Amino acid sequence: MAFVGFLEKTCRQPSLRTAPWNRSNLTIGGHQKWSSSTPASRDLKMFDKVLIANRGEIACRVMRTAKRLGIKTVAVYSEADKNALHVKMADESHCIGPAPSSQSYLLQEKIINVAKTSGAQAIHPGYGFLSENKDFSNLCAISGLEFIGPPATAIEQMGIKRVSKQIMSASDVPVVPGYYGDDQSSQKLKMEADKLGYPVLLKADLGGGGKGMRIVHDPKDFDSLLESCKSESKAAFGDDKVLVEKFVDTPRHVEVQVFADKEGNTIHLFERDCSVQRRHQKIIEEAPAPGLRPDVRERICTAAVKAAKAVGYVGAGTVEFILDADQNFYFMEMNTRLQVEHPITEMITGVDLVEWQLKVAAGYSLPVEQRDLQARGHAFEARIYAENPHQDFTPSPGTLVYLNPPVPSEVVRIDTGVMQGDVVSHFYDPMIAKLVVWSEDRTSALKRLTSALHNYQIAGLETNVDFLGKLASHPSFISGDVHTGFIPQHKEDLFAKPVPMTTQGIALGCAALLAWENYQYSLMRAFEKDPYSPFNCNSGKRLNAESLRRIQLKCREEDVTLEVSYMDENTFVIQKLHRAGDSQAVEILDMPVSGKLVFENGRLCLTTHLGNSYTTSNIAIIDRTIHIFSELGNYQISIPAPHFYKARRQEGGGTRSPVYPSVVLKVFVKPGEKVEKGNPLVTLSGMKMETTIVAPADSIIKEVLFSDGDNVPPRSRLVVLEEEDT
């Protein structure tokens, strides 16, 4: 059974305005001073219709600005996305193929044909997919369509990392010491790594998004990590060329937003710090970068503008740098597109970057000069993902059975592409939303972020919301001591074993369960038109005796037993509480509790009196778990299955594939081979990441069920170990 108190799909569409700005020429939606790029083109008008060659939150984000500007939008979608939010928001939508992106969102000719037949004059690629594809940019030009992005030459030059490093060196932009040559033999790469000194960083030449990166600390691991890096690079980018760079220990990742028009006017919109990452991918970003010295800020922003001018850049781009402990900075790469984290720049500058993209692509000059821009306040972005942080951030696709985000405002923005009831598909990135907040300073902005994360209510699949809350509350993060190794460094704090649930939390869970039961009985009484039926009542009334009940719950993996006596249907007394981990202690509570559920604004709302305190909560009940979202905290209370339910033993512990479809990259073992605990068995690729399944114990391989290149369904048994049958 699955029940959730939300019957209608609703979408909270965020305001794209930032915190209040007095200068209307920079305020989003204000009257900016736009002019055409050349005297001959002053009669240019804005596009009438634009196709968005993307999906999810970025497609929705582009559509909102386009609609505000009076531009009609065309969506493309895969069969898996036929009910997606971006499809509903567009003025017209066209299906372009099956779910896999290689058969839909990456089909250049099909997208071009849709643009032509729909009458679109331009294509906005969003980020990912075709956004940094020079061939697609050229194809748009050949087809008479405006590609809303940089010229193909800039994409090509910045897309090949060794080429971009050479251009930057020639432009006096600092680069990390490394090898960027054409000789890709393992012997040459190893020799260059030895020259640089370990640790070194192996990086895909055409890489991005954290794919194709390996840190080599020990020379003896070089060959195996090089092979893994090349394999991942080939699978992700169709090219296995790599760079070898000196690894900067505990670096910060600081990037600069740049913008250029077709006349060559180029400006920066200040920096962002994106240091806190998992799997080399950002999860919390902020602007401006904390603790950055003013002189470094000026020099790094100037270097970013130099980088953009060096390749004749047009449109929105991001120049990424790494900073060492002394705030020396080095060019890393340039993302020739709108970044995922662009909203925090919008929040501190008051600029709608998508509006600028559209107008610059239409031929207009930038509406401001560098001296007109100023950064105000502080902004954070937290990426809400369907993933399990406690399992190495493994994607957790599934249905958003319950979704209740914070209320958007001038200072809280939510960019999303999903609604309650939607499925986070294993075919695409598992992002649910981007939570963006702004305030006058970093301290107050961080408080607003942690509050908004606490109020981000999701049930039905695993998410990283609680993890983000812990991260944002960590003392080192609060102090601004951030770097790319932040999560590994503070692993013990961030992944600490949950403390036992408080008595108040357990009492709230008990109240929710009994109120839910009574709510169901009230529906049954109304249906049967017998309000006095003793069979539709949960109070268990007795003649001449007290009504007692023993309730068993599982709270944060802890089994608890409560003894409850009823006073009436909505009020009871928790007399005793016994925690299974403590065989002797029994808490004598005598706590009066009352709880009532009402269906309000499409949700189940619980009002509760716990002793002398009063609280309200939203709840969602999915299968045998009660999800409680309250000011006291967010809790999951499970109702243990009856003893006569026999849990099915999972076969092959540790030898199953992840919860999403994957492809076998390499099988390391064969039948009859002996393996030790921790030895690699199979490496898989799926959901933009590689996963290596290792032996759970010293074993003998009895059977290997898949071969290199095989497609593997979710949770499939991969290898049979003799230990599993004993």
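What follows is a short exchange about the model.

Q: Before anything else, what kind of model is it?
A: It is a predicted model, where local features need pLDDT of at least 70, side-chain atom pairs count only at pLDDT 80 or more, and totals for chains, interfaces and linings use all residues. Residues are numbered from 1 along each chain as its sequence is written, and side-chain values use heavy atoms, with hydrogens and water left out.

Q: What is the mean pLDDT of the protein chain?
A: The mean is 88, and 89% of the residues reach 70 or more; pLDDT is the predictor's confidence in each residue, from 0 to 100.

Q: And where is it below 50?
A: Over residues 1-31, a stretch that still has 100 contacts beyond near neighbours in sequence (contact means heavy atoms within 4.5 Å). Residues 644-653 also stay under 50, with 8 contacts beyond four places in sequence.

Q: How many helices and strands?
A: The protein chain has 17 helices and 41 strands, which are DSSP runs (helices H or I, at least four residues; strands E, at least two) numbered from the N terminus.

Q: Now α12 and α13: at what angle do they pack?
A: About 160°, with the axes of α12 (residues 442-454) and α13 (residues 465-473) 9 Å apart. Axes are lines fitted to C-alpha atoms over the stretch in contact, and angles run from 0 to 180 degrees between N-to-C directions. So α12 is roughly antiparallel to α13 (angles over 145 degrees).

Q: Which residues make the contact?
A: Leu 446, Leu 449, Thr 450 and Leu 453 of α12 meet Val 465, Leu 468, Gly 469, Ala 472 and Ser 473 of α13.

Conventions
Angles under 35 degrees count as roughly parallel, over 145 as roughly antiparallel, 65 to 115 as roughly perpendicular and the rest as oblique.
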